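Here is a short briefing to read with the model open beside you. Let's look at how its parts meet.

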Amino acid sequence: MVVSLLAELLGNADYAKYPFLSESTSMAIGRMKGLNLGALDGAEVLGYNSEEVFSLIRVRLNGALGNGDSPDFADIPHEISLASFIFALIILRAANDQRLTSRFALAEARRSERYMNGFLAHSRRSQAVPIIEHTCGINLTDYYSEGFLVDILDYLKNSIMSQPSWKLVNRWVISGKVFVKDNEILHIFRESAARSINQIIQKMPEPVLKGELANILSEIMVYKPKVVTKPIEGGIPPCVQVQLDRMKKGENIPHAARFLIATFFINRGYDIQSVINLFSTAPDFSEKITKYQVEQIAGKKGSNSKYMVPSCSKLASEGLCFKTEECDSIKSPIYFTGKPKKERSSS
Ligand code: SF4
């Protein structure tokens, strides 16, 4: 029911603003029916020369993969903007790299979040609600235009439990519904949109690209992160390893998990640049911002005091502990040795 209501509400401009919605992709694919992917060079795409479309695909991919920010394309006809999104997805599927896919997905989700922010701020809430509901799979009740009431189960499914402000005990609950502010709904929307884009790309059949599309594919390979890992004495505790693995797959891990990684490696003696490199596969990676944050954690900026690794009990309360036998009864991941106590004492 939500889908048909949504299709009725969306216009061409909305399709371009929220291109990951199934209504948007179906509309674009329907209109481009008959186009031969292998013979796009010199062809017409939705009435435009393919050269113009190739140029927009490049701007879109370079913005997302290079700067982590997809362009608004405010002055570009909506159909072409949408077509550039579809071709970018096809190129990323051909690239077959989860880190590139995740980085693109997050940048595009942020772009749609900007538009959604405008909808919420400019009294277009009735239009915003079905798009958010459809994207996030939740039901919303507008609460005096200050936020929304969300069913408790939907809230638990989407909340960031590692942040104290999202814990249910710190929430206003009214008749089985949780109050969520606009900016928090935008956060949930962004995460869900990024997930949808990731899934669309993953489910596509892997295409064989030719001509200019193949050229764009080889150009974006410069954005493929180079993972550099250094051996570390004493091993890596499970809580840190889980988050490193998630990042290597291009997943967007929460702030508390990033703090754990940075404090752990700084306190184990990694130099600043090596710690920065560990974050290079994060979908929202920015060398400048990461450098600033890592330097602060290492005590080279701001208060000049080095941050300690969070304790095991704090990490457990944030849902970030993945205890194994090797953890034994240590109180902080920094004491992890990779061996249980009995083995340590007998060796
Ligand atoms: S017990 Fe401590 S070191 Fe082990 S996984 Fe949990 S938080 Fe990490």
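Into which domains is the chain divided? There are two entries: domain 1 (2-136 + 185-223) and domain 2 (238-346), with bounds that come from an automatic or database domain assignment. This is a predicted model, where local features need pLDDT of at least 70 and side-chain atom pairs count only at pLDDT 80 or more, while totals for chains, interfaces and linings use all residues. Residues are numbered from 1 along each chain as its sequence is written, and side-chain values use heavy atoms, with hydrogens and water left out.

**Where the domains meet**
- The C-alpha centres of domain 1 and domain 2 are 34 Å apart.
- Seven residues of domain 1 are in contact with 10 residues of domain 2 (contact: heavy atoms within 4.5 Å).
- Between them the two domains bury about 650 Å², 50% of it on carbon and sulfur atoms; buried area is the accessible area (1.4 Å probe) that two parts lose on being put together, summed over both.
- On the domain 1 side, Arg99, Arg103 and Leu106 lose the most area to domain 2, together 65% of what that side buries.

- Asp284 forms a salt bridge with Arg110, and their closest N and O atoms are 3.9 Å apart.

**The domain 1 side**
- Helix H6 (residues 98-121) gives the most to the side that touches domain 2, with six residues; helices are DSSP runs (H or I, at least four residues), numbered from the N terminus.

Notes:
A salt bridge is a side-chain nitrogen of Lys or Arg within 4 Å of a carboxyl oxygen of Asp or Glu. Helices (H or I, at least four residues) and strands (E, at least two) are DSSP runs, numbered from the N terminus.
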